[in-house]
Amino acid sequence: MKIRKVTLRHYRVHRALEVTFDDQRTLIAGPNEAGKSTLVEAVHRALFVRHKSTTDLQRIRSRSVSAWPEVGLEFHAGEHEWTLRKVFKGAQGSIASLINDTTGERWDGDAAEEKLRELLDVEDLGPQRSKQQWAHLWVWQGTARDNPTSSDVIGHAAVAL
């Protein structure tokens, strides 16, 4: 799977953010509290978390507006291009839609979540899902000048979350 674009709306510090990733490498940099980790968290929640809690909603909702937080992803998986849109609505749950941009097929709700799990080759872990699906994320804090594909950097500076 390769993420091509992320769009956030009303998600914590981001009222509206669109990030298009380079095919080779993208560096996300900014001052403290700019929303770098929030971007990564939003991608994680879109891919792996099904919300049904107003507590989570309060944590991720933008304080500047009362709209529902929303995460959009455009990605390549298998032989196809995909678009995922997930809206987090607290006690109403998260509402997902997944579109195969190559064939035009569409899945919504539970069917979208199931198809997404199939594409990502992950099992549904229930309530513990969000805590156990972080193996895909590696963060190199304070090593922006280093090449993250270098074995030296991976050996001492990489932290798996």
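1. A salt bridge here is a side-chain nitrogen of Lys or Arg within 4 Å of a carboxyl oxygen of Asp or Glu. The structure, which is a predicted model, holds ten salt bridges.

2. Arg 4, Asp 23 and Glu 81 form a network of salt bridges. In the bridge between Asp 23 and Arg 4, N and O are 3.0 Å apart. This pair links distant parts of the chain, with Asp 23 in the loop between β2 and α1 (36-48) and Arg 4 in strand β1, 19 residues apart. Asp 23 is partly exposed at 46% relative accessibility, and Arg 4 is partly exposed with a relative accessible area of 26%.

3. Arg 4 also meets Glu 81, at 3.5 Å from N to O. Because Arg 4 lies in strand β1 and Glu 81 in strand β4, the bridge ties together parts that are 77 residues apart in sequence. Glu 81 counts as partly exposed, at 28% relative accessibility.

4. Another salt bridge joins Arg 12 and Glu 41, whose closest N and O atoms are 2.6 Å apart. The two residues are 29 apart in the chain, Arg 12 in the loop between β1 and β2 and Glu 41 in helix α1. Arg 12 is partly exposed at 29% relative accessibility, whereas Glu 41 is buried at 12%.

5. The count of aromatic pairs is two. In one, the ring centres of Tyr 11 and Phe 88 are 6.5 Å apart and the planes stand at 70°, so the pair is edge-to-face. It links strand β1 (residues 2-11), which holds Tyr 11, to strand β4 (residues 80-88), which holds Phe 88, across 77 residues. Tyr 11 is buried, with a relative accessible area of 0%, and Phe 88 is buried at 1%.

6. For Trp 82 and Trp 107, the ring centres are 5.7 Å apart and the planes are at 40°, so the pair is tilted. Trp 82 belongs to strand β4 and Trp 107 to strand β6 (residues 106-108), 25 residues apart. Trp 82 is buried, with a relative accessible area of 3%; Trp 107 is buried as well, at 17%.

7. Two backbone angles deserve a check. His 10, a residue other than glycine, has a positive phi near 60°. His 10 lies in strand β1 and is buried, with a relative accessible area of 12%. Arg 12 is not a glycine either, yet its phi is positive, about 45°.

Conventions: Residues numbered from 1 in each chain as written. Predicted model: local features only at pLDDT ≥ 70, side-chain atom pairs only at ≥ 80, totals over all residues. Heavy atoms only, no water. Phe/Tyr/Trp six-rings, centres within 6.5 Å; stacked < 30°, edge-to-face > 60°. Helix = DSSP H or I, 4+ residues; strand = E, 2+ residues; numbered from the N terminus. Buried < 20%, exposed > 50% of the residue type's maximum accessible area, 1.4 Å probe, protein only.
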